[in-house]
Amino acid sequence: MSFHHGELLLITVNHETVSMEERERYSLDDSQIQTLYRRLHESPDIEESFILNTCNRFELYTKTSDPRNGISIVFQTLQDFYQIEIKEIEKHAATRYGQEAIKHLIEVSAGLRSQITGEAEIFGQVKEAYAMCQDLGYAGKLINRMMQKGFQAVKLIRSATPIGEGQINISNVAVDLSMKIFGALHKTSVLIIGTGDIGEKTAKALRSRGANDFGIASHSSERAEIATHQWGGTPRNLENLKSYLNQYDIVISSTETERPLLDAQKLSEIVEARKNRPLFLIDLGMPRNFDPSCEEMEDVYLYNLDDLAEIAENNLKERRAAIKRSEKIADQKSASIWRMLESRGLVNFQ
Amino acid sequence: MSLLGLEDRQWIFLATVVLAATSVLATYATLRLRRKASRPYTLGLVSFGWILQTLGLYARGLQYGGCPLSNRFELVQFMVWSAIALYIFVGPAFRVSLLGMFTSAFATIFSILSLSFKSWDTSAGAPIFGDSPWIEAHAALALFSYGSFGILALTSAMYLLQSRSLKQKKMGGLFPFLPSIIELTSINLRLLAIGFLILSSSLAIGAVYWSGEISSVDVPKLSATIAVWLAYGFLILLRYRQIISYKQFSWACIAVFAAALISLEAVDSSSGDDVEATPYSPLSSQR
């Protein structure tokens, strides 16, 4: 094991190193994190530390005054705390030193190491963990500079590469498309046909982006009423679809039906009544709820499950393609952060 | 004529270089780097190009003692100048992504064209509009409306691109960076209204002048200008009565603008070989 730059040590247990079952053993709540911090700092050789604990990772960054023995102290503390043998921890965890640890922090925070490549939630989690570390007083000059400069690097990666761009789940793809048609969604009305899970998720995603006028249609008025109580909106009976369809701009359908609910012929009168206002049909049903002929109509945009899945898949591919460029930025930035730490005498003091 | 050590065409050449660079950079950022060029940077660069162009046109105008609108080169430059002015001063209110990229490309193409054909730039060398500031205002407003219609043609093209991408489910290219189709339709209608209002004002001014001096009117010029005015008026009517779809409306905006450009050519040609003696005015052959 190399101790070069061992004054900054990272131990990480994450989805890349172990299975979910093993990761669960390292999961901590806030009070346990505080206890671990306290135990670590019982050793005079541990000067600073930072713990990141999410559903997918446990990470511990430490600054030690004794680079040769620091790692042993940390592993010993972890063994005592988790009641897991050091050998086992070594098997589960990956270790990084110096600049490599900083690079890892930047990559994790930018979402490069996330299971869903490029997801932004992790950056918020890192910031929260750092705030807690500061509040508890375990972040010193090194951790503070590493985090602040690291955050700048993360922002650069997210703005200079498409790592976080394009939606990668079906509900959010549908919302993005809605915004490409209607712009701001607060003036649009949404009809949800069927009370299934995917319809609910899409409705929630639309609501989170400003849509607030919802109708919920079902074969059963009772089910529509119940869903309305849960999700909000106006209950509608599916039997009278034609009578109210032209009031809605976005129609999400995921109901079981033997024959398509709409085809070009049925839709023509509705489209005429809408006076060229676009209509976005999202068909999440299987078998399909809307006949493909609907697509032929001008001002009607029809997307089915496969279309949305393909867009999500392509967006994911684009994100993955951006990983290499993002890693290069992380490499350059971590090197410059490390040089800065050296120039300030915060590392390389052996 | 020279201004601050540079000839008018040199200023315009520099402006064209800046606009071309803006267009190339914005296109590269969008299509290659997949990043939308930042609006302040694009606006800043286009504004810089526009200032250079203004200096060129001002230098040219000094020799006439008025707006430089005496030949094809000047007509095209003034139309481009108007389109950019509209983008700079009204564009931010529209908040249309990529409008700067499209406008700089539009300006570059027309500016390069006008600089390429030396025969387009036959200077009148004398005051164009005589003593009447009204007829100068009429001509300048008419050209300014063409600038608005030029921007309208661009936003119509953006609408068609966006609508096509959504229909064909092709999410690459410019799709992620273009505004929503509802926003584009609203902007198109506003631009059409602005352009039509300006052209109407121009024609109203021309008509007042014309009624006082009916012999000065050149019939082909009058017919071409009124035809353009009618075409845009008809488009407003068709859209207001919802007779045509937004897609048809967008195609029509592009087609009418192309026709308007051709009509400019016809108008200029109708001045004939005696351009020096009868410089251009969209409505009349005032000199």
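1. In this predicted model, the domain assignment divides chain A into domain 1, covering 8-161 + 322-343, and domain 2, covering 170-312. The C-alpha centres of domain 1 of chain A and domain 2 of chain A are 44 Å apart.

2. Helix 14 of chain A comprises residues 323-343, that is, 21 residues. At 1.5 Å a residue the helix should span 30 Å, and its end C-alpha atoms do lie 30 Å apart, so expectation and model agree.

3. The buried residues of helix 14 of chain A are A:Ser326, A:Ile329, A:Ala330, A:Lys333, A:Ser334, A:Ile337, A:Trp338 and A:Leu341. In general, an α-helix has 3.6 residues a turn, so residues three or four places apart point the same way.

4. The cover over the buried residues of helix 14 of chain A includes helix 5 (98-109) and helix 7 (141-160) of chain A. On the face turned away from the buried side, helix 14 of chain A carries the exposed residues A:Lys324, A:Lys328, A:Arg339 and A:Ser343. Just after helix 14 of chain A, A:Gly345 adopts a positive phi of about 70°.

5. Chain B contains 9 helices and 2 strands. Read from the N terminus, its elements follow the order β-β-α-α-α-α-α-α-α-α-α.

6. Of the 287 residues in chain B, 47% are buried. Where contacts in chain B link residues at least 6 apart in sequence, 82% of them join residues at least 24 apart.

Notes: Residues are numbered from 1 along each chain as its sequence is written. Chains are lettered from A and ligands numbered from 1 in the order in which they are written. This is a predicted model: local features need pLDDT of at least 70, side-chain atom pairs count only at pLDDT 80 or more; totals for chains, interfaces and linings use all residues. Helices (H or I, at least four residues) and strands (E, at least two) are DSSP runs, numbered from the N terminus. A residue is buried if 20 or more other C-beta atoms lie within 10 Å of its own, exposed if 12 or fewer, and partly exposed in between; C-beta atoms are placed from the backbone. Two residues are in contact if their C-beta atoms, placed from the backbone, lie within 7 Å. Domain bounds come from an automatic or database domain assignment. The expected span of a helix is 1.5 Å times one less than its number of residues.
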